[in-house]
Amino acid sequence: MEKSCLECGTRIIGRADKKFCNDSCRNSYNNKFNKDSKNLVRNINNRLRKNYRILEMLNPGEKTKTTKVKLTSADFDFNYFTSIYTTKAGTVYYFVYDQGYLPIEGGEYYALVKRKVK
């Protein structure tokens, strides 16, 4: 039984379970196949990466305090974070990986913290 490449349709020579004629066709096929589902993930990861860089820039040490104006002027998006940590006292920290922020003083100021990775 003669098989043809799933991407370009040319005749396949080689192993019986081979689906593509070369790596280029395999990559093109998989990129087309996964494009729609990965676009959302790629956009979210880009946003998280940008938020992380902003927090890292404003908090080079372990702790600091900043304003909401500084965060928003750096294009920080408060809708994207990786986890929420609530203390026993009920204080809610929002984290982007190991960089966190805590709204204080009515939301005009933020305490920035860095979680120690174990």
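**Labels and their grounds**

Mentor: Start with tyrosine 110 in this predicted model: its relative accessible area is 7%, and the cut-off for buried is under 20%, so tyrosine 110 is buried.

Trainee: What makes tyrosine 101 buried?
Mentor: Its relative accessible area is 2%, and buried means under 20%.

Trainee: Why is the pair of tyrosine 29 and phenylalanine 33 called stacked?
Mentor: The ring centres are 6.3 Å apart, with 5° between the planes. Pairing needs centres within 6.5 Å and stacking needs planes under 30 degrees apart, so the label stacked applies. The two residues are four apart in helix α1, about one helical turn.

Trainee: Why is phenylalanine 33 called exposed, and tyrosine 29 partly exposed?
Mentor: Phenylalanine 33 has 61% relative accessibility, and exposed means over 50%. Tyrosine 29 has 28%, which falls between the cut-offs of 20% and 50%.

Trainee: Why is the pair of tyrosine 101 and tyrosine 110 called edge-to-face?
Mentor: Their centres are 5.9 Å apart and their planes 65° apart. Since edge-to-face requires over 60 degrees, the label follows. Both tyrosines also belong to one aromatic cluster with Phe76, Phe78, Phe81 and Tyr94.

Trainee: How do you know that the charged end of arginine 115 sits over the ring of phenylalanine 95?
Mentor: The distance to the ring centre is 3.7 Å, and the limit is 6 Å, with a further condition of 35 degrees from the ring normal.

Key. Residues are numbered from 1 along each chain as its sequence is written. This is a predicted model: local features need pLDDT of at least 70, side-chain atom pairs count only at pLDDT 80 or more; totals for chains, interfaces and linings use all residues. Side-chain values use heavy atoms; hydrogens and water are left out. Rings of Phe, Tyr and Trp (its six-membered ring) pair if their centres lie within 6.5 Å; planes under 30 degrees apart count as stacked, over 60 as edge-to-face and the rest as tilted. Buried means under 20% relative accessible area, exposed over 50%, partly exposed in between (1.4 Å probe, protein chains only).
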